[in-house]
Amino acid sequence: MRRLHAAILLIGALGISYEIALMRVLSIAQWHHFAYMIISVAMLGFAVSGTVIALLRRRIEGRERLLLAAGALALSSSLTICFTLSQMVPFETFRLTSEPAQLRHLLILYLILAVPFFLVSWCVALGFLIEPRRVGRLYFFNMIGSGLGAAAVVALLFWVRPASVPLVLTAPAALAFSLAAGGLGRRWQLGLLIPAALMLAAGPTTGGQQIRASEYKGLAHALRLPDARVVARSQSPLSELTAIASSAIRETPGQLSGYPMRELGELPEQIGLYFDGGSVSALSRFDGALEPFAFLDYVTGALPYRLTDRPETLVVGAGGGIEVLSALYHGARHVTAVEVDPGVHALVREELREHSGGLYEREDVTLVLAEGRGYVEGRPDGSLDLIQFALLDSFSAASAGVHALAESYLYTTEAIQLYLRKLSPDGVLSITRWLKTPPRDAIKLFGTMVEAAERAGIAEPGLHLAFVRSWNTGTIVLSRAPLTEGQMGAVRDFASERGLDVSYLPGIQRVDANRFTVLDEPIYYEAATALLSDRREQFYRDYAFHVRPASDDRPHFFRFFRWRSAGRFIEGARHGWFNFVEWGYVALVATVAQAAIMGFLLVLLPLILFARGSGDGLGAAAVYFAALGFAYMFLEIAFIQRFMLFLAYPVYAVAVVLTAFLVFSGLGAYAADRRLAAIVGERPEALKLVRIAVLLIAAIGLAYLVVIPVVFRAAAGWPDPGRIALSLLLLSPLAFFMGIPFPAGLQLVSDRRSRLVPWAWGLNGAASVLGAALATLLAVHLGFRAVVILAFACYAAAAAALGSMHEWTDA
Amino acid sequence: MTELLEVGAEDRVLEIGTGSGYQAAVLAEIVERVFTIEIVEPLAASARARLEELGYENVDVRHGDGYFGWEAEAPFDGIIVTAAASHIPPLLVEQLRPGARMVIPVGPPFQVQTLMLIERQADGRVVQRSLMPVRFVPFTRAE
């Protein structure tokens with residue numbers, strides 16, 4: 001491997017590592033939906049570098065190696081310098097709508113953070129100019145580097161805080177620089193020595209490694225509580241976890257309704273676990289005595305314990321253990337506590353073990369580190385009496401709608417059917433959600449349960465359901481057997497003793513559904529009865545929010561936004577009320593819009609100006625490279641979302657799919673390059689190669705749509721390494737052929753219109769980042785299958801455009 | 001919020017979150033006695049001095065955590081909370097006299113919260129109604 005190739009490999013790895021680390025940083029500093037911003041930032045950097053090189057082509061000629069080395073040097077110091085500068089910008093999402101200066105701060109943040117991405121793209125594009133005859137080979141090294149970088153940064157995040165990643169990346173960046181500089185003459189090497197020493201020293205010394213977190217996040221607020229102190233921290237690729245102790249932390253799983261605190265006592269001392277400085281899960285002091293947890297019988301989530309007797313219980317999303325304590329308080333025979341975040345495991349079992357009283361080491365409690373649905377899949381059918389879903393997201397996250405785009409395979413109709421299968425004949429599924437104003441979560445959940453029950457063969461779901469609410473939580477219970485008279489009486493007694501409203505129970509009357517927390521209309525009752533009747537479709541159509549059930553094809557349970565209601569949201573925002581807005585969705589739409597505008601201004605417009613009078617066929621090249629960028633990202637994002645279900649951890653899915661796609665595409669590019677190298681100049685051969693690749697991509701992709709669900713089901717119980725290996729195997733043929741069209745087309749451009757190479761590279765990069773955001777938006781509205789099919793359409797458009805590019809005569 | 005309490009000259013009202021003391025002064029003009037709790041000590045001290053200076057003799061200011069209410073003076077004919085709590089503090093509900101009302105913003109800190117009206121009815125039943133979206137400072141903080 002030549003030095004240039006090694007440098008490009010490292011630079012590819014750095015680009016993706018930096019992007020993933022920045023997404024984590026933004027999740028901690030602001031809110032996680034804001035991490036989408038990084039997509040636009042990366043796009044800005046990529047697009048600008050491609051355009052700049054294309055425009056400065058004449059000045060660059062002959063100095064490519066020097067400029068590449070200089071770019072690598074700048075990259076190595078920019079990683080930390082730009083990160084540190086970005087943390088000095090007083091940007092605050094929360095004030096974006098009320099303080100005009102925030103828009104300026106946002107723009108500054110964009111520009112600062114885009115610099116390293118500019119440099120990554122700059123180096124790779126110059127690499128193509130250095131080796132114009134073997135672009136596929138260079139592309140191979142770039143892709144392999146990116147693939148390995150994705151895997152490496154995820155592994156790194158187990159040990160290193162996201163804020164320290166830029167500093168860690170300085171070392172491989174410096175190595176990339178020394179490799180790139182190695183190819184220069186001695187005079188240039190000596191000339192670069194002093195700036196190199198200065199810049200490399202500047203990087204680490206400016207590396208503040210501190211994240212400027214929003215003062216409006218939960219952790220910032222908790223730190224201002226009386227006697228607040230940080231008692232532990234932990235770190236994983238999923239979250240940065242901070243444990244705060246204060247006498248004023250009083251987290252409850254919903255309103256304590258009718259709780260006689262004078263008689264039964266105050267809440268036990270709590271430690272708040274703050275995830276990424278935002279959402280909180282309480283860890284209560286526990287000494288083995290369950291009496292202090294009587295308050296847990298005064299929340300809606302206690303409902304299922306009135307319908308079961310000493311249940312074999314599964315708690316999904318155990319967190320700090322409040323639902324586990326509730327199960328034990330209510331007499332569960334045994335509790336399996338499933339928690340996805342390894343950081344929680346580590347804290348509860350080690351640093352905070354004394355505080356949690358060894359809760360997870362009791363004989364009647366089993367703690368499992370797994371994603372909820374994946375774990376349930378592996379349980380024997382009929383083995384659980386109660387599946388209890390805790391309030392998985394925090395109150396504030398639910399209020400702000402930040403999960404609007406997060407895929408959740410926990411609440412799809414297929415998932416609910418699965419839970420029903422795992423229940424014993426008298427078993428119950430219980431899900432509690434924070435209630436939003438106007439109502440939406442619980443309504444969607446109720447509809448999902450109704451439809452899942454029907455698909456599971458339950459003829460009259462209405463006889464199996466109960467729904468109880470307080471002012472801020474709603475608990476819906478779905479019983480495998482029809483509710484008995486005794487169980488219905490127990491629900492009514494529970495609700496009236498606690499001052500809770502029964503929104504649905506077989507035979508309930510409208511007048512009984514709105515007694516304690518009085519709504520203008522008993523909307524939950526009306527929604528439930530409509531969803532159980534033949535008015536269901538009409539209800540879905542007419543309701544202001546999107547409340548149609550989520551499915552495995554469209555697992556966006558938290559998406560409620562409807563364009564039809566946009567006028568109402570805007571009206572609300574004009575009056576200063578943002579409670580109607582789903583912020584995650586808005587952030588994504590804003591990202592797509594920004595990326596599209598930037599793509600036009602920074603890529604297409606310069607192209608039009610730059611390419612005027614330079615011959616025909618440029619439109620075809622624009623279509624080709626943009627279509628490939630979109631197609632590639634559509635498939636990548638669709639498969640990341642699809643594999644999340646199989647690999648359970650989102651972070652595994654991202655790392656495995658990215659690595660597989662990039663590495664195997666790199667291999668495809670390499671294979672195609674060897675083939676192309678032999679046939680450069682023979683137009684029909686290159687075109688044939690791309691056409692065959694596109695046909696194979698479509699064939700394999702379509703086969704996946706059928707085969708993957710079957711394979712996932714068959715291998716659901718496999719251990720993690722087995723599932724990861726199978727995923728890599730499954731993805732490799734598709735990714736291999738996806739690696740062919742881009743370098744094949746770029747080789748053609750390099751041979752016939754070499755000055756367009758950087759521009760084609762930038763355009764493809766810009767389309768890729770825009771494609772990533774667009775794929776998410778399309779998946780939300782159309783589902784994954786549709787996104788995959790759209791990707792094939794893009795490939796077909798690319799193949800057609802290539803046909804026209806082959807008509808180019810040599811420049 | 002004051003109107004929602006529906007209190008009169010004979011009533012005793014608890015306020016959580018004294019702040020400058022303005023709301024306490026308004027209430028003092030209407031009701032017999034106002035009990036007000038402030039968690040930030042300097043604020044409690046300055047409000048006490050200010051109210052004394054202005055001649056409000058029917059206001060008692062205390063530094064403390066309003067989550068627990070003012071048990072020694074309970075029950076109250078009205079409770080008004082001027083900072084947002086994540087849930088309605090159970091002890092405050094218990095300190096309402098039958099027939100009395102409480103007005104309280106509830107919801108997560110810095111997010112959209114709901115102004116709730118809570119009424120302990122004569123038969124002891126507690127009925128609540130959400131009135132409007134609001135945004136108040138958090139209920140508990142050190143300073």
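Q: What should I know about the model and its numbering before I start?
A: The model is predicted, so local features need pLDDT of at least 70 and side-chain atom pairs count only at pLDDT 80 or more, while totals for chains, interfaces and linings use all residues. Residues are numbered from 1 along each chain as its sequence is written, and chains are lettered from A and ligands numbered from 1 in the order in which they are written.

Q: How many helices and strands does chain A have?
A: Helices (H or I, at least four residues) and strands (E, at least two) are DSSP runs, numbered from the N terminus. Chain A has 29 helices and 13 strands.

Q: What share of chain A is buried?
A: A residue is buried if 20 or more other C-beta atoms lie within 10 Å of its own, exposed if 12 or fewer, and partly exposed in between, with C-beta atoms placed from the backbone. By that test, 59% of the 811 residues in chain A are buried.

Q: Which contacts in chain A link residues 24 or more positions apart?
A: Two residues are in contact if their C-beta atoms, placed from the backbone, lie within 7 Å. Of the contacts in chain A with a separation of 6 or more, 80% are between residues 24 or more positions apart.

Q: How do α1(A) and α5(A) pack?
A: Start with the axes, which are lines fitted to C-alpha atoms, for helices over the stretch in contact; angles run from 0 to 180 degrees between N-to-C directions. Angles under 35 degrees count as roughly parallel, over 145 as roughly antiparallel, 65 to 115 as roughly perpendicular and the rest as oblique. Helix α1 (residues 3-29) and helix α5 (residues 101-130) of chain A meet at about 155 degrees, with axes 10 Å apart. That angle makes α1(A) roughly antiparallel to α5(A). The residues making the contact include A:Ile8 and A:Leu14 of α1(A), and A:Phe117 and A:Gly127 of α5(A). For classes, Ala, Val, Leu, Ile, Met, Phe, Trp, Tyr, Cys and Pro count as nonpolar, Asp, Glu, Lys and Arg as charged, and the others, Gly among them, as polar. The contact of α1(A) with α5(A) has 13 nonpolar, 2 polar and no charged residues.

Q: Is A:Leu138 buried or exposed?
A: A:Leu138 lies in helix α6 (residues 135-156) of chain A and is buried, with 25 other C-beta atoms within 10 Å. Leaving aside neighbours within four places in sequence, A:Leu138 is in contact with A:Ile8, A:Gly127, A:Phe128 and A:Glu131.

Q: What is the strand order in the open sheet of chain A?
A: Two strands pair if DSSP finds at least two bridges between them. The open sheet has 8 strands in the order β7-β6-β5-β8-β9-β11-β10-β12 (chain A), with mixed pairing. Its edge strands, each pairing on one side only, are β7 (365-369) and β12 (501-504) of chain A. From one strand to the next, the twist averages 20 degrees. Near the end of that order, β10 (residues 465-469) and β12(A) pair in the antiparallel sense over 3 bridges, and A:Phe467 stands opposite A:Tyr504.

Q: Which helices pack on these strands?
A: Helix α18 (residues 485-498) of chain A packs on the sheet and touches β10 and β12 of chain A. Helix α16 (residues 413-422) of chain A lies across β8 (384-389) and β9 (423-434), running at about 140 degrees to β9(A). In α16(A), 7 of the 10 residues are buried, among them A:Ile416 and A:Leu420. The buried residues of α16(A) pack against α14 (372-378), β8, β9 and α17 (441-455) of chain A.

Q: Where does β4(B) sit in its pairings?
A: All 6 of the 6 residues of strand β4 (residues 76-81) of chain B are buried, so β4(B) is largely enclosed by the rest of the structure. Strand β1 (residues 12-16) of chain B runs parallel to β4(B), joined by 4 bridges, with B:Leu14 opposite B:Ile79. Strand β5 (residues 96-106) of chain B also pairs with β4(B) in the parallel sense over 4 bridges, and B:Ile80 stands opposite B:Val103.

Q: How many residues of chain A are in contact with chain B?
A: 29 residues of chain A are in contact with 26 residues of chain B. On the side of chain A that touches chain B, α15(A) gives the most, with 4 residues. That side divides into 16 nonpolar, 10 polar and 3 charged residues. The chains also share strand pairing: 2 bridges join β13(A) to the parallel strand β7 (residues 126-134) of chain B, where A:Val518 stands opposite B:Arg129.
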